[in-house]
Amino acid sequence: MSRRRKKKKSKIVLFAVELIILVGLLGGLYVYSKLDKVDSTGQIEEKEVNIDLDSETAEVLKGYTNIAIFGLDNRQNGKYDGGNSDCIMIASINNDTKKVKLLSVYRDTFLNTKEGAYNKINSAYATGGAKGAVSALNKNLNLDIVNYISVDFRALVEAVDLIGGVEITLTDQEAQIMNDNYIDEINGVAGKNSTKMSGGGTYLLDGVQTLAYCRIRYTTGLDFKRTERQREVLMKMFEKTKEAGIGTIGGLIDTMFDEISTSYTSGDLLKLASSLMDYEVEGSHGWPFELCTGTFGAKGDIVVPTDLETNVKELHEYLFNETNTVSSAVNEISDYIINYTGCTTSATSRFDNPLTGDDNTSSDPEYVPEEDE
């Protein structure tokens with residue numbers, strides 16, 4: 001009898017172990033099936049994206065993971081191979097501390113967008129796709145980015161709805177612009193039926209309303225203020241997702257991964273998602289830190305870094321706590337921009353430096369941001 005009971009007990013234990021393994025395998029297959037929906041363009045080789053670092057800078061950057069995030073100004077859902085990048089952001093993750101800094105690159109910044117061509121940086125995506133845009137960021141900012149994530153209108157709308165909205169305080173002017181310029185259009189593109197705002201105040205914005213908020217440009221601060229709104233939304237989404245826990249992250253995997261284009265493989269994304277709880281956003285800012293604005297012939301209204309060499313050194317100090325030597329390419333680009341625009345450091349009209357706390361963010365009244373297309 002004793003042997004029979006032991007045998008029966010061992011069968012029960014074995015069955016329980018098998019059940020656990022089966023559930024684990026099914027869970028793994030489920031996650032993989034969702035990850036497999038990602039429009040992955042595959043890992044980017046360094047030689048494809050203009051990485052040109054001296055040994056000292058390369059050693060410093062080994063301690064960080066830098067990711068380019070592009071928000072595409074496309075009205076066609078799922079179209080990721082072109083179009084101007086309405087939002088350009090760099091997420092820099094300290095691999096040791098897991099702290100993240102977000103940097104918005106003003107989309108009208110005048111830079112070297114491809115070999116021999118100078119234009120607004122948002123055009124780099126339109127002419128060269130994601131690789132072209134990453135390559136331009138690396139060359140102008142002396143970085144080592146090899147991974148990117150691109151999202152369109154619908155992706156942000158769906159993500160915000162999935163986490164239950166984000167809380168934002170609106171001015172009367174912001175609410176009016178959202179109502180008049182954006183909500184109806186976004187409803188049509190995203191297939192939603194979101195309501196308009198009743199005026200200024202604090203709201204729990206849904207996906208359509210949040211995207212409308214992110215697109216506001218023609219208020220005090222112009223495009224500089226818009227990038228601030230975009231970073232505010234991204235940080236609030238990040239924190240809310242962390243608070244919601246692994247179930248919400250699983251839902252995001254299910255809903256979002258067929259709404260983005262990325263260089264990441266399925267395994268890479270799974271690793272990033274599993275580490276989300278450890279990350280902490282410790283700062284965000286716009287770049288260039290020092291600039292002037294103006295109209296320059298066929299280039300139109302542009303943002304000019306004053307000068308590029310100085311701004312790149314400050315960027316590295318802000319993101320990596322190191323004043324790195326810039327590449328010869330950055331020096332050459334900096335000289336070209338000065339010669340083309342005539343804007344040196346003495347021409348700076350907007351000074352907003354997170355390293356020193358100096359802040360003169362008054363907007364140039366002659367600067368008119370590029371229209372959304």
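A: Buried means under 20% relative accessible area, exposed over 50%, and partly exposed in between, with a 1.4 Å probe and protein chains only. At 35% relative accessibility, Asn50 therefore counts as partly exposed. This is a predicted model, in which local features need pLDDT of at least 70 and side-chain atom pairs count only at pLDDT 80 or more, while totals for chains, interfaces and linings use all residues. Residues are numbered from 1 along each chain as its sequence is written, and side-chain values use heavy atoms, with hydrogens and water left out.

Q: How many helices and strands are there in the protein?

A: Helices (H or I, at least four residues) and strands (E, at least two) are DSSP runs, numbered from the N terminus. The protein has eleven helices and 15 strands. Of its 373 residues, 51% count as buried.

Q: Which elements cover the buried residues of helix H6?

A: Contact means heavy atoms within 4.5 Å. Helix H6 (residues 207-215) has nine of its nine residues buried. The covering elements include helix H4 (153-162), strand E8 (166-170), helix H5 (172-190), strand E9 (201-205) and helix H7 (222-244). At the start of H6, a side-chain oxygen of Asp206 comes to within 3.2 Å of the backbone nitrogen of Val208; this is a polar contact, that is, a pair of N or O atoms within 3.5 Å, where within protein one must be able to donate a hydrogen and the other to accept it, and residues adjacent in sequence count only if both atoms are side-chain atoms.

Q: Which strands pair with E2, in the parallel or the antiparallel sense?

A: Two strands pair if DSSP finds at least two bridges between them. E2 and strand E3 (residues 85-94) are antiparallel over nine bridges, and Phe70 has Ile88 as its bridge partner in E3. With strand E7 (residues 147-151), E2 runs parallel, joined by five bridges; here Ala68 is partnered by Tyr148. Eight of the nine residues of E2 (residues 64-72) are buried, so the strand is largely enclosed by the rest of the structure.

Q: What does His285 touch?

A: His285 belongs to strand E11 (residues 280-287) and counts as buried because its relative accessibility is 14%. Leaving aside residues up to four places away in sequence, His285 touches Leu102, Leu103, Ser104, Arg231, Tyr318, Asp352 and Pro354.

Q: Where do phi and the peptide bonds call for attention?

A: Most residues other than glycine have a negative phi, and most peptide bonds are trans. Asn50, which is not a glycine, has a positive phi of about 55° and lies in the loop between strand E1 (39-40) and helix H2 (55-61). Lys98 also has a positive phi, near 65°, and is found in the loop between E3 and strand E4 (99-105). Lys98 is partly exposed, with a relative accessible area of 29%.

The peptide bond from Trp287 to Pro288 is cis, with omega near 10°; Pro288 sits in the loop between E11 and strand E12 (290-295). The bond from Thr306 to Asp307 is likewise cis, with omega near -20°, and Asp307 is placed in the loop between strand E13 (301-305) and helix H10 (308-320).
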